[in-house]
Amino acid sequence: MTVKLSKAEKKVVYDKKLCSLLDEYSKVLIAAADNVGSNQLQNIRKGLRGDSIVLMGKNTLIRRCIKIHAEKTGNKNYLNLLPLLVGNVGLIFTKGDLKEVSEEVAKYKVGAPARVGLVAPIDVVVPPGNTGLDPSQTSFFQVLNIPTKINKGTVEIITPVELIKKGEKVGSSEAALLAKLGIRPFSYGLIILSVYDNGSVFTPEVLDLTEDDLIEKFAAGISMVTSLSLAISYPTLAAAPHMFINAYKNVLAVAIATEYTFPEAEKVKEYLKDPSKFAVAAAPVAAETAAAAAPAAAPAEEKKEEPAEESDDDMGFSLFD
């Protein structure tokens with residue numbers, strides 16, 4: 001015979017469980033659990049079994065446990081979770097890869113009908129086509145201003161109609177019509193809102209970033225730092241090569257305009273005095289380029305077939321006639 005625990009005893013057990021999870025795990029997914037049924041939540045727990053644990057509970061109780069744990073252990077990192085405990089949310093403690101766990105949670109979504117008073121999470125569009133309803137049901141469509149026609153004794157929707165917009169509450173007429181059409185427009189499951197990893201909190205979109213995305217963003221940041229450094233003449237590691245090149249160009253320009261000279265400037269002055277030297281210097285490069293292109297063109301010429309010699313028959317007579 002099982003002994004029922006009092007509310008105070010249940011809180012103590014819950015507190016011990018949460019504190020043990022905070023000690024054991026360093027990665028947590030904060031997920032919204034609106035409209036998620038108990039059977040659906042149980043399936044999610046089974047799917048994550050092994051390296052992840054789903055914990056639900058009252059936000060006030062979770063906040064209290066986290067604060068007590070932080071005071072006892074001195075670990076203040078988990079206090080970053082407190083602002084995220086708003087609404088109907090749950091905690092998914094995991095030791096696995098955060099992206100893989102997030103993708104696994106997203107698999108357990110269940111279709112649901114549009115219930116009266118429910119806030120639509122997405123736009124609901126009724127597609128055109130035969131509804132299978134008899135003509136006596138046209139009143140539903142008329143109330144909702146849906147264009148219809150009677151085709152072969154049934155009601156047919158002529159054009160697609162946006163029945164409910166995202167964020168609007170579902171009315172009784174909309175819910176009744178969707179039920180008659182057998183449309184279950186919404187799907188519900190645990191939705192990852194935030195990610196906690198060793199004291200850092202970020203949005204789940206970060207999990208979708210690849211190495212190429214990170215390299216691209218890093219390169220864009222370096223480019224911005226370089227541009228800013230050059231604009232305000234402030235030396236940085238990113239802008240230093242450009243500053244050296246610009247300084248060299250300035251010194252070279254001064255040397256060309258004056259009698260001052262240095263070895264690198266001598267070559268430039270020679271080219272400016274006699275441009276033909278530049279042409280002579282560029283000739284070997286052009287020759288090498290042409291030589292490299294010649295072998296590639298040779299096979300194409302070899303492929304040209306010689307025209308076949310005309311036979312005696314083509315001349316209008318045969319030697320053996």
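How many salt bridges does a search of the whole structure find? The count comes to two, and this is a predicted model, so keep in mind while browsing the close-ups that side-chain atom pairs count only at pLDDT 80 or more.

**View 1. Glu24 and Lys95 form a salt bridge.** Here the closest N and O atoms sit 2.9 Å apart. Glu24 belongs to helix H1 (residues 7-24), while Lys95 is in the loop between strand E3 (89-94) and helix H4 (98-106), so this pair ties together parts that are 71 residues apart in sequence.

**View 2. Glu104 and Lys107 make another salt bridge.** In this one, the closest N and O atoms are 3.3 Å apart. Lys107 has a relative accessibility of 60%, so it counts as exposed; the cut-off for that label is over 50%.

**View 3. Strands E6, E8 and E7 make up an open sheet.** The sheet has three strands, runs in the order E6-E8-E7, and its pairing is antiparallel. Strand E6 (129-130) and strand E7 (148-151) take the edges with a single partner strand each, so one side of each has no neighbour in the sheet.

**View 4. A closer look at where E6 meets E8.** Strand E8 covers residues 154-157 and pairs with E6 in the antiparallel sense, over two bridges. Look for Asn130, which stands opposite Glu156 in E8.

Terms used: Residues numbered from 1 in each chain as written. Predicted model: local features only at pLDDT ≥ 70, side-chain atom pairs only at ≥ 80, totals over all residues. Heavy atoms only, no water. Pairing = 2+ DSSP bridges. Helix = DSSP H or I, 4+ residues; strand = E, 2+ residues; numbered from the N terminus. Salt bridge = Lys/Arg side-chain N within 4 Å of Asp/Glu carboxyl O. Buried < 20%, exposed > 50% of the residue type's maximum accessible area, 1.4 Å probe, protein only.
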